[in-house]
Amino acid sequence: MSDSPILKIAVNVPLSLEFDYLPPQKGSDPFVGCRVRLPFGRREQVGVILGSARESDVPAPKLKRCTEILDEAAILSAADLWLIRFTSDYYHHPIGEVVAAALPSLLRQGKPLHPLIEKVVTTDLAKQTDVEALTRRAPKQAELLEALFDAGGDGLDTDLLTELLPTWRRAAKGLTDKGLLTTFESRAEEFDERLVTPATPGPDLNADQQQALSVLRSSDKFGAYLLDGVTGSGKTEVYLQRAQDVLRQGGQVLILVPEIGLTPQLVARLRDRLGIEPALLHSGLSNSARLAAWRAARAGAAHLIVGTRSAIFAPLKNPGLIIVDEEHDHSFKQQEGLRYSARDLAIARAKYLDVPVILGSATPSLEMLQHCRTGSYEHVILPARAGGANPPTLRLIDTVRRPTTDGISEPLAAAIHQHLDSDGQVLIFLNRRGFAPTLICNSCGHIAGCERCDSRLTVHAGSKQLRCHHCGMCRALVENCDECGERVRPLGEGTERLEESLCDRFPDAVIRRIDSDSTQRKGAMHEALESATLGHANILVGTQMLSKGHHFPRLSLVGVVNADQGLFGTDFRSAERMAQSIIQVAGRAGRERRNGEVLIQTAFPENEFWKTLIEGGYRQISDNALAEREVTRWPPFTRLALLRSAAHRQTDAHRILEVARHHLAARTTETLRVLGPVDAPMARKAGRYRAQLLLQSSDRSTLHRVLRELRPILEKDPAARKARWSIDVDPVELF
Ligand code: ADP
Ligand code: ZN
């Protein structure tokens, strides 16, 4: 690079620019893909070199120098940088922020790729300490000392300690002063994928599975395969075998899953079947563990990389296959900041790398189904459950004729009894946590609302609180109305109330509630799922969390309480979504030989949606939805981008969108429609007013062209300083 001395650098700031810098006067050579430290405004920043140029628009005297090149060789390869650039272009998001999203946080902070880990260990003197006496005088110190004794001679790394005992540093100072403790640095342990236990073979594939596998094996080059099979049809078995081929040839397999915390079974199964330890990448890891997995993927030391959304950016030395499990799951789409879809990036990345990508689901998104119809993706179907299990039967319970008490109707209660008596397990699904969604006054009808959002407060009985599920605000639960002082009562039900009512009705049953409140404690989720899997729990009550991918062998009855939430949704995706969540949760029933039964409580049993779902299944729902979207011109037949803004004043939230609309007015063509700006469906959230502007286009290139022009205009406009705004390409939620 010596003859083209100006470096083009991505810096983590919200501006769509690459920044020009001179290399440092001395030190390592600057290569594309290396990190640098540089002065930026009044601060130092870490940036990544994207390229170089001979000239700059910045006048020579104003060009600054990087202070330091942080890497001796590129840490991001050309292929990694391709994905970063693609993401920045497609989502119209500043490249510096995309780079930041793609790097583990330690690298983002400028720490070395192979950092030294700070460790803490006890001294010989510590062995003579009277821990009991210390516990009385300095309990925190005693606690730390005990933890270190447990860890033994290798000590504990500080990352882990912070997790175990957040305030350990102060205690450590006390112990160090007494000479009981010292710190030292050691090189981070490298990831090791070898296991002592060999791979266990899976079941022999049935004819459908073999057929599917042979289609997946038809090429080692790019192809997108939608593996569309009913719940329990053996999709995982099929893609595991395909993964094994790739691993045998020395290729790397990247598997994206919605949430690792929810699928410990899947991780265990991968480990078991493939006989190697997967490198995990998800938000529940310590920073150093995350970096270690990232490094192992980059070096090719890990062959199987399993992670959530952001793992799509994991560097791969020998990529061979990408798998997206539960492709339809909305957690693949980031809902803030860089609003990317990991599933869509997986397809783009596979194409660039020229490797196959497998998208698995029992309830595929309409986008993927449409790609199959046009022939750009291959539709691989598994029509029946594997291993002799029957599909669950779905029935409706009309809650107008059979009213519910605390959420449960008599027919549902009778079915629960019957399944418990025959040693079955029951799952009660309600996608609403808390005790009750509303607190209402008996006298004046006033409803407790959030002061910062246009929303109601949810009653949480266990913690005796009223909480806003939108901004997190909480206050003490009251017994009397804020307005008139009369008694208030909780109205409607959440999972907490259901749990209580089930405990009353079934005093002998072991009941476990599984939702984000009950699983906050570390390890609680794992414990709950284990008790569900082993069959220790008789009744499971929970939210969406319970519907995802689990295999509970004894589960025979699923009850869907209040299924009407999505029936009259305003979003064009309401029906698709609701069908997905019901089919997914229904799919937990009867996965082994025992037949599964699904009872759905609804006040609208005559609604066409139910008839379609029960008679035609997801296939019919999705066929109908596609036909409807084609007529109404919604995705996948058109493309959307949503401009959002939020500000303390309503006019400020609208103003930046007016600027956008004004700019777009001149560009509106037959293929581009601009709708709004309007208030967001929830117009006020966390104290900010929210507004939105929807862009809809029947052709992708027009949409992207106008967004490309628009972004820098908005960044420069003074109205942008008074509002938080963002561009959401292919939004999954329109609010
Ligand atoms: P999916 O991923 O479609 O939900 P899985 O691959 O998890 O399905 O399979 C569901 C259950 O059926 C698992 O317990 C699995 O071990 C079993 N299974 C899958 N394929 C077969 C087969 N060919 N023969 C017997 N059992 C099978
Ligand atoms: Zn709120």
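Where does D423 lie? D423 sits in the loop between α14 (410-421) and β19 (425-429), with helices (H or I, at least four residues) and strands (E, at least two) taken as DSSP runs numbered from the N terminus. This is a predicted model, so local features need pLDDT of at least 70 and side-chain atom pairs count only at pLDDT 80 or more, while totals for chains, interfaces and linings use all residues. Residues are numbered from 1 along each chain as its sequence is written, chains are lettered from A and ligands numbered from 1 in the order in which they are written, and side-chain values use heavy atoms, with hydrogens and water left out.

**Domains**

- The protein chain splits into domain 1 (6-108), domain 2 (116-187), domain 3 (207-387), domain 4 (389-435 + 492-629), domain 5 (437-491) and domain 6 (639-729); these bounds come from an automatic or database domain assignment.
- Taken over C-alpha atoms, the centres of domain 4 and domain 6 are 38 Å apart.

**The zinc site**

- Four cysteines hold the zinc ion (ligand 2): C450 (SG), C453 (SG), C468 (SG) and C471 (SG) are its protein donors, at 2.2 to 2.4 Å.
- Donors here are N, O and S atoms within 2.8 Å of the metal (3.2 Å for Na, K and Ca), and water is not among the atoms, so sites may look incomplete.
- The spacing of the donor residues in sequence reads C-x2-C-x14-C-x2-C.
- C450 belongs to the loop between β20 (438-441) and β21 (458-460) and C471 to the loop between β22 (465-467) and β23 (474-476), so this pair ties together parts that are 21 residues apart in sequence.
- The geometry of the zinc ion (ligand 2) site is tetrahedral, with angles of 106 to 113° among the four donor atoms; for four donors, that label needs all angles between 85 and 135 degrees.
- C450 is buried at 8% relative accessible area, where buried means under 20%, exposed over 50% and partly exposed in between (1.4 Å probe, protein chains only).

**The second largest pocket**

- A pocket is an open set of points on a 1 Å grid over the protein atoms alone, with protein on both sides within 12 Å along at least five of seven lines; a cavity is a set where a 1.4 Å probe fits but cannot get out, and lining residues have an atom within 4 Å of a point.
- The second largest pocket holds about 1100 Å³ of space, a volume being the space filled by probe spheres set on the grid points, which are joined across faces, edges and corners.
- Its lining runs to 46 residues, and Q265, R269, G549, H551 and R591 are the ones nearest the centre of the second largest pocket.
- Elements giving two or more residues to that lining are α9 (235-248), α10 (264-274) and α16 (524-534), and α10 has the largest share with eight.
- Domain 3 (207-387) and domain 4 (389-435 + 492-629) each supply at least three residues of the lining of the second largest pocket.
- By class, the lining of the second largest pocket has 15 nonpolar, 16 polar and 15 charged residues; Ala, Val, Leu, Ile, Met, Phe, Trp, Tyr, Cys and Pro count as nonpolar, Asp, Glu, Lys and Arg as charged, and the others, Gly among them, as polar.

**Cavities**

- There are two cavities of 30 Å³ or more.
- The largest cavity, at about 60 Å³, is lined by residues including L439, H446, R475 and D482.
- Six nonpolar, two polar and two charged residues make up the lining of the largest cavity.
- The second largest cavity comes to about 40 Å³, and L76, D80, L83, I84, A102 and F313 line it.
- Helix α1 (residues 78-90) gives the most to the lining of the second largest cavity, three residues.

- The peptide bond from P635 to P636 is cis, with omega near 5°, and P636 is found in the loop between α18 (608-632) and β29 (639-647).
- G676 and P677 are also joined by a cis peptide bond, omega about 5°, but P677 is in strand β30 (residues 672-685).
- H92 isn't a glycine, yet has a positive phi of about 50°; H92 is in the loop between α1 and α2 (95-102) and is buried at 6% relative accessibility.
- D423, again not a glycine, has a positive phi of about 70° and is partly exposed, at 48% relative accessible area.

Methods. Four donors count as tetrahedral if all angles lie between 85 and 135 degrees; four count as square planar and six as octahedral if opposite donors are over 155 degrees apart and all others between 65 and 115; anything else is irregular.
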